[in-house]
Amino acid sequence: MSTSQTLSLSVGDGTTMLVYAAQPAAANGAVPGIILLQEAFGVNHYIRSVADRLAQAGYAVVAPELFHRTAASGLEIPYNDFPSAMSHYMAINNDDLTADLQAAYAWLTGQSGVVADKIGSVGFCLGGRVSFLANAVLPLAAGVSYYGGGIEQIKDRAADLHAPHLFFWGGRDEHISKESIAEVIEAVDAAGKLYVNTVISDAEHGFHCDERPGYNPAAAHEAWALTLAFLADKFKATK
């Protein structure tokens, strides 16, 4: 079981940001924390459901609304209407995202029920790229990126990664090329950082989301099991 709430956080640039926060209903002591990062469609029902699942697995979770500078609070864009997301997607930048990540991290680490040195990030699609950025700008213990389009655009941040990173890609993803994936992994390799790179050959973009056409139940199940094992291992390793 888990409990959840929507909160408003102050960001360092003077803006305010809504976040969906979920936590285990009954935890024995402090728990690790997760910054959960949205797709381009907002902190929608799917993202909230992932937050709840992570909370049920024993994590305190915060999912920030990354479009808060250009969109009304609570924005949820239908999966068949990506054009409506474009103006918000194009407006984000690494400096603003860093401020958002810092605010989410500060809130998590400020909670008495959260182990401050056991914070990770998990992101999907757009959030997969932001999760990579989070690992570079925050002292995380683990990072996870599901089909993070555009990570190759910030591959130079590989040298700044604080923690091992788990990557998931779909072999049939028409939005992320094999060349882009190779750029990312080569950059992490060159930086000497620890990672796990997983390509699921029969999966499409968005394969984990049960509300998208590309949902692949088997791939989603396998990736989620590996995600939970990866997080548990990295948090256990954190002293």
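Reader: Is M86 buried, partly exposed or exposed, and why?
Author: Buried denotes under 20% relative accessible area, exposed over 50%, and partly exposed the range in between, with a 1.4 Å probe and protein chains only. The relative accessibility of M86 is 30%, so the residue counts as partly exposed.

Reader: What are the conventions of this model?
Author: The model is predicted: local features need pLDDT of at least 70, side-chain atom pairs count only at pLDDT 80 or more, and totals for chains, interfaces and linings use all residues. Residues are numbered from 1 along each chain as its sequence is written, and side-chain values use heavy atoms, leaving out hydrogens and water.

Reader: In which helix is M86 found?
Author: Helices (H or I, at least four residues) and strands (E, at least two) are DSSP runs, numbered from the N terminus. The run that holds M86 covers residues 83-91 and is helix α2.

Reader: Which pattern does the protein chain follow along the sequence?
Author: The protein chain has six helices and eight strands. Read in sequence order, these elements give β-β-β-α-β-α-α-β-α-β-β-α-β-α.

Reader: What is the radius of gyration of the protein chain, and why does it agree with a compact globule?
Author: The radius is taken over C-alpha atoms, and the globule rule is 2.2 Å times the number of residues to the power 0.38. For 239 residues, a compact globule would have a value near 18 Å; the protein chain agrees with this, at 16 Å.

Reader: What percentage of the residues in the protein chain is buried?
Author: The protein chain has 239 residues. Of these, the buried share is 53%.
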